[in-house]
Amino acid sequence: MTDPMSRLPIELFTAIIVLSFDTLDSLRRLIRTEELRLVSKAWQAALDSTPLFWTFIPNEARASEQAIQRWIRKSGEAPLHVLCTRGTRPLEVFMPLVTNHTHRWRQVEITGQLEGSAISKYIKEPAPLLESLTLFFASLSSEEVVFDGITPSLSSVTLCNIAIPKDVDLTFLRDLRELCLQRITNNHQTPSLAKLRDALSACPDLEKLEVDALYTTDPSMAERPPVRLAKLSSFNLQGLRNPPEITGAIFGMIRAPYLASIRLVFDECWAWPTMNILSPLSTELLLRHDKYRLIISDWRVSISVIDEEGKSLTSPTVFVSLSSSARRGGPALKILEDVEKAAPLSATVDIVIDIFRATGRIFDYLKSTDVLMESASSTMDYMSHLPTDLFAPIIFLSFDTLRPVQRIIRTEELRLVNRAWQVAIDSNPCFWTCIPNESKARFSPQEIQRWIRKSGEAPLNILSSGYHLSLREFMPFVIPYIHRWRSLEVTGCHFDISKYINEHAPKLRRLVVSCASFAADNLAFGGVTPSLSSVDLAVVTISAGVCFLKNLKELRLWGVTYQPEEVAVNKLGDILNACPELEQLQLDTNQSLCQPVLLAKLSSFSFQESQRPFERTESILGMIIAPRLADSYFKFEWNWVPSTLHILSPLSTELLRDHGEYDIAITYDHFAVFTTTREGELQPPSRVIVDIGVEPDTWEISIRLLQDFEKAAPPSAPVDLVLDESGPAQLALEYLKSTKESMCGELDNPLPQLRSIQLSREKGNRSSSFDVDLINLARARRNIPKITTYSYGNCGDPDIWVSQLDPESFSFVSVDGCS
């Protein structure tokens with residue numbers, strides 16, 4: 001069949017290929033070009049004769065010097081993009097290959113060694129086409145003029161960790177649109193602010209500026225007028241580890257009336273008592289608006305303009321990133337004052353505070369500032385007129401993401417809005433049902449008693465970490481109200497909890513206890529807990545007399561022991577039999593089961609093996625029958641693998657049976673089975689996850705689990721397999737190539753229903769041995785229709801390089817470039 005692309009005019013062919021490169025970076029474009037040459041001789045001739053495909057010249061370790069020279073020849077006279085990064089071939093080896101073509105450079109990025117590589121001899125020739133220059137970890141020489149002073153097209157420069165002599169000619173820093181200067185030195189000394197001002201003065205059309213504040217003061221700056229950058233739209237200042245007067249001087253030397261985006265980073269020493277962060281740099285643009293939103297969070301303060309509907313506009317915006325001092329509210333308080341100075345008096349301001357530690361200082365400021373407080377009160381006054389039954393739900397919606405302690409703090413803050421809010425909140429018991437005892441919020445006994453009084457007869461949620469008031473000090477405040485407890489969460493230090501919970505708790509729904517014991521001579525909750533549905537016990541000793549573990553929906557037992565020891569043999573069975581409606585269960589191997597237990601409604605099961613014989617694990621997993629189990633998680637020690645234990649049966653066999661399709665994922669530390677259903681089936685999806693540890697000694701477990709899956713799953717169900725190259729992938733591939741004798745006496749491969757394999761790998765760690773293993777597997781098992789590899793990026797890079805095994809040529813070809 002004739003390739004239709006080969007019959008296209010060369011101009012149209014080129015345009016189509018270039019469009020397919022849109023989402024690729026320069027290096028991947030070059031790799032893709034080399035791959036496309038292999039499609040056919042016609043494609044090879046078309047690509048080799050088009051210089052546009054060969055203009056990117058990288059210092060790529062896998063490319064020989066001959067390959068680099070070949071790319072340059074093929075590029076003809078087209079402008080070049082030169083990339084020389086650290087960690088590949090040395091600078092002095094790569095740069096001579098490209099310096100003869102300086103007149104064709106359009107974009108250059110050079111990264112030297114950490115100590116600063118001398119690069120002047122490589123960039124001394126004129127570069128009339130150069131548009132972008134990026135230099136990292138390098139030094140310039142005063143004996144050479146950069147690009148001989150000829151760079152008429154240069155518009156973007158980034159210099160980072162660059163050593164520049166005081167007398168060096170920097171004529172290339174002029175008429176720029178983008179400029180980034182970070183950690184610049186002059187003769188190993190910090191440069192003066194006059195140098196920065198000179199650079200800015202030479203770039204009147206600058207649109208983007210990013211600088212740090214590592215400069216020294218210059219007395220002559222006081223006599224020089226500010227630099228006006230009329231087109232500057234983006235400004236980024238890193239103000240770390242430097243005197244605050246430098247930061248203030250940088251703000252003072254720039255006038256930018258149309259600045260739309262400001263990003264600032266400061267540490268604890270950034271002069272918020274004296275410097276107006278919003279003036280003079282950004283005041284002019286903010287003055288044109290009259291509605292603002294100020295968001296104060298843990299590490300950032302942001303100011304944005306909002307429209308009539310209350311939606312934030314994309315510009316102008318100010319982002320101030322701060323260090324730990326932001327948690328105390330100092331910078332946030334100063335920025336509040338700056339907003340008041342910069343914004344028009346008639347402006348309205350919405351304030352969002354997402355850090356409760358700073359609210360004390362901020363609220364004190366708002367109470368003392370008539371203008372801001374009057375504005376805030378007028379915008380929120382309509383809430384005061386709502387019915388109480390509507391007012392409370394609205395406030396509760398704002399509490400959704402807060403922990404219990406944060407809720408009580410937020411409630412106390414909202415009382416300060418105005419008297420109407422105070423009356424509405426104080427008269428509503430639902431605001432005061434959380435009674436906390438935490439070290440992070442040191443509430444006094446008087447405050448705890450006041451909250452309990454305000455809660456009326458509403459159910460209480462008791463939370464005690466035991467780190468502020470001791471249990472002996474805290475519990476007497478809440479014990480008289482045990483009949484109102486809805487939840488109790490107590491963490492102690494191996495204490496006897498029984499004396500605090502010996503009364504009836506008819507409303508108790510949730511109980512969480514850590515590091516405690518239940519005495520044998522004290523009946524917990526007087527045996528009356530009709531509403532209890534969730535119990536979480538960790539490192540707890542239970543006596544034979546405990547009887548509240550019944551009719552539960554959720555149960556977690558971790559590190560639980562029983563007294564006397566002879567009751568431990570049957571105790572777990574008694575507990576589970578007393579909870580026939582159990583839906584969620586978490587266990588470890590401190591438990592034991594002697595007889596089968598049917599949990600008909602169990603949907604979620606989690607099991608963690610600790611330092612125990614595997615027989616204990618086998619007894620637990622073999623005795624629990626859960627026909628509706630949909631979610632299983634197992635975590636084992638690295639040496640757990642017994643020869644007899646079938647991890648997927650009998651606990652989860654019914655979970656895997658009767659499903660249409662399966663996905664199996666094997667990573668470096670997990671084995672997972674996910675079930676999917678065919679269209680029209682009513683069976684819900686399920687999953688089994690096994691944490692197998694990260695040691696290579698444990699990787700053979702994944703093979704055992706594959707064998708277990710074969711025994712549990714229907715033989716006709718299709719299976720998709722996902723492997724992680726960093727894990728036991730090679731073992732899995734060897735296993736899939738193996739053969740075994742079937743019941744009919746024929747040799748079969750494992751997982752005969754396998755329909756696809758996906759191998760994921762990290763960029764830069766590609767191993768050809770895995771490609772060979774995949775090819776050998778494909779030759780041994782030609783019935784697997786699809787074998788694909790995915791190369792994913794580092795640092796959250798969403799791009800994925802996809803290639804698929806061609807069953808005819810047994811070689812990997814690109815599928816979708818980037819997805």
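For the protein chain, the average pLDDT is 78, and 79% of the residues score at least 70.

## How to read this model

This is a predicted model, in which local features need pLDDT of at least 70 and side-chain atom pairs count only at pLDDT 80 or more, while totals for chains, interfaces and linings use all residues. Residues are numbered from 1 along each chain as its sequence is written, and side-chain values use heavy atoms, with hydrogens and water left out.

## The chain as a whole

Let's step back for a moment. The protein chain has 22 helices and 38 strands; these are DSSP runs numbered from the N terminus, with helices (H or I) of at least four residues and strands (E) of at least two. Of its 819 residues, 48% count as buried, meaning under 20% relative accessible area, whereas exposed is over 50% and partly exposed lies in between (1.4 Å probe, protein chains only).

Among contacts in the protein chain with a separation of 6 or more, 61% are between residues 24 or more positions apart.

## A β-α-β unit

Now look at strand 7 (residues 178–185) and strand 8 (residues 208–212), which run parallel and are joined by four bridges. Two strands pair if DSSP finds at least two bridges between them. Within this pair, Leu181 stands opposite Val211 in strand 8.

Together with helix 6 (residues 193–201), strands 7 and 8 make a right-handed β-α-β unit. Right-handed means that, with the strands pointing away from the viewer, the path from the first strand over the helix to the second runs clockwise.

Most residues other than glycine have a negative phi. Asn161 is not a glycine, yet has a positive phi of about 55°. Asn161 sits in strand 6 (residues 156–163) and counts as partly exposed because its relative accessibility is 23%.

Asn551 also has a positive phi of about 55° without being a glycine. Its place is the loop between strand 21 (534–543) and strand 22 (554–558). With 53% relative accessibility, Asn551 counts as exposed.

Terms used
pLDDT is the predictor's confidence in each residue, from 0 to 100. Contact means heavy atoms within 4.5 Å.
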